[in-house]
Amino acid sequence: MVVLVLTAVPAGLRGHITRWLLEIAPGVYVGHLTRRVRDDVWDRVVELCKDGRAIMIESARGEQRLYFRVHRHDWEPVDLDGIQLIRRPSAPKARYSGMRPGWSAASQRRRGRK
C-alpha cells in the first residue's frame, strides 16, 4: 500500500501520478505498487516536483509496518530505536521582553522606563 501526498506541485506531475495511483482528495494518492514501480514513481516525483513538497508512506517489514519518504518538507523522518517518527520543526522562540507574561502593553512600557 502506498499513500502519496503532494503539495504545490505542477499539474503535469499530478496527472502523471494518476497513471498508477488513485487520487482520493486533492493532492492525496493511494494504491498498491511493486517496489520497482514505487521507486520509479518516487524518482519521478523528486524530478518534477520543482518548488512543491511530497511525502510518501509505504508498506514495509518491521514492527511499525510503514516507511516514510520526504522531499522538500519541513517535517522530517527520524529513526528512534527502530521506529520511524516524523519530527516537526520547533516553533521560533519569542523575544524575551524581561516582563512576566500577563502584563498589559501599557504596563510594560511604564515599568520599562524605571
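A salt bridge is counted here where a side-chain nitrogen of Lys or Arg lies within 4 Å of a carboxyl oxygen of Asp or Glu. By that criterion, Arg38, Asp39, Glu58 and Arg69 are linked in a network of salt bridges, and the structure holds six salt bridges. The model is a predicted one, in which local features need pLDDT of at least 70 and side-chain atom pairs count only at pLDDT 80 or more, while totals for chains, interfaces and linings use all residues. Residues are numbered from 1 along each chain as its sequence is written, and side-chain values use heavy atoms, with hydrogens and water left out.

**Whole chain**

Begin with the cartoon view of the protein, which shows three helices and seven strands. Helices (H or I, at least four residues) and strands (E, at least two) are DSSP runs, numbered from the N terminus. Followed from the N terminus, the order of elements is β-α-β-β-α-β-β-β-β-α.

Next, display the surface. The accessible area of the protein is about 8,700 Å², and carbon and sulfur atoms account for 51% of it; such areas come from the Shrake-Rupley method with a 1.4 Å probe, and for residues only the protein chains shown count as cover. Of the 114 residues, 25% are buried. Buried means under 20% relative accessible area, exposed means over 50%, and partly exposed lies in between (1.4 Å probe, protein chains only).

**The nonpolar core**

Select Leu4, Leu6, Ile17 and Val45. Within the largest nonpolar core, which has 15 residues, these four touch the most other members. β1 (2-7), α1 (11-17), α2 and β4 are the elements that give two or more residues to this core. A nonpolar core is a set of buried Ala, Val, Leu, Ile, Met, Phe, Trp, Tyr and Cys residues joined through side-chain atoms within 4.5 Å. In soluble globular proteins, nonpolar side chains tend to be buried together.

Centre the view on Ile17, a residue of helix α1. Ile17 is buried, with a relative accessible area of 1%. Residues up to four places away in sequence aside, Ile17 touches Leu4, Leu6, Tyr29, Val41 and Val45; contact means heavy atoms within 4.5 Å. A distance drawn between the C-alpha atoms of Ile17 and Val45 reads 8.2 Å, although 28 residues separate the two along the chain.

Move to Leu6. Apart from neighbours within four places in sequence, Leu6 is in contact with Leu13, Ile17, Gly27, Tyr29, Val45, Arg53 and Ala54. For the protein as a whole, 38% of contacts between residues at least 6 apart in sequence join residues at least 24 apart.

Strand β2 (residues 22-25) and strand β3 (residues 28-31) run antiparallel and are joined by three bridges; two strands pair if DSSP finds at least two bridges between them. Leu22 has Val30 in β3 as its bridge partner. Two residues lie between the strands of this hairpin, in which Gly27 takes a positive phi near 85°.

Then select β4 and β5, which pair in the antiparallel sense over six bridges. Ala54 stands opposite His71 in β5. Six residues lie between the strands of this hairpin, and Gly62 in the turn has a positive phi of about 130°.

**Charged pairs**

Side chains of opposite charge can pair when their charged atoms come close.

Select Arg14 and Glu23 to see a salt bridge in which the closest N and O atoms are 2.7 Å apart. Arg14 is partly exposed at 30% relative accessibility, and Glu23 is also partly exposed, at 37%.

Where do the partners of the salt bridge between Glu58 and Arg38 lie? The two side chains meet at 3.3 Å, N to O. Glu58 lies in strand β4 (residues 53-59) and Arg38 in helix α2 (residues 35-48), so the pair ties together parts that are 20 residues apart in sequence. Both Glu58 and Arg38 are buried.

Continue to Asp51 and Arg72, whose salt bridge has its closest N and O atoms 3.5 Å apart. This pair links distant parts of the chain, 21 residues apart: Asp51 is in the loop between α2 and β4, and Arg72 is in the loop between β5 (66-71) and β6. Asp51 is exposed at 66% relative accessibility, whereas Arg72 is partly exposed at 47%.

**A surface patch**

Finish with Leu80, Ile83 and Leu85, which form a nonpolar patch on the surface with about 240 Å² of accessible area together. Patches are made of residues with over 30% relative accessible area and no salt bridge; like charges are joined within 9 Å, and nonpolar side chains (Val, Leu, Ile, Met, Phe, Trp, Tyr) within 5 Å. Leu80 belongs to strand β6 (residues 76-80).
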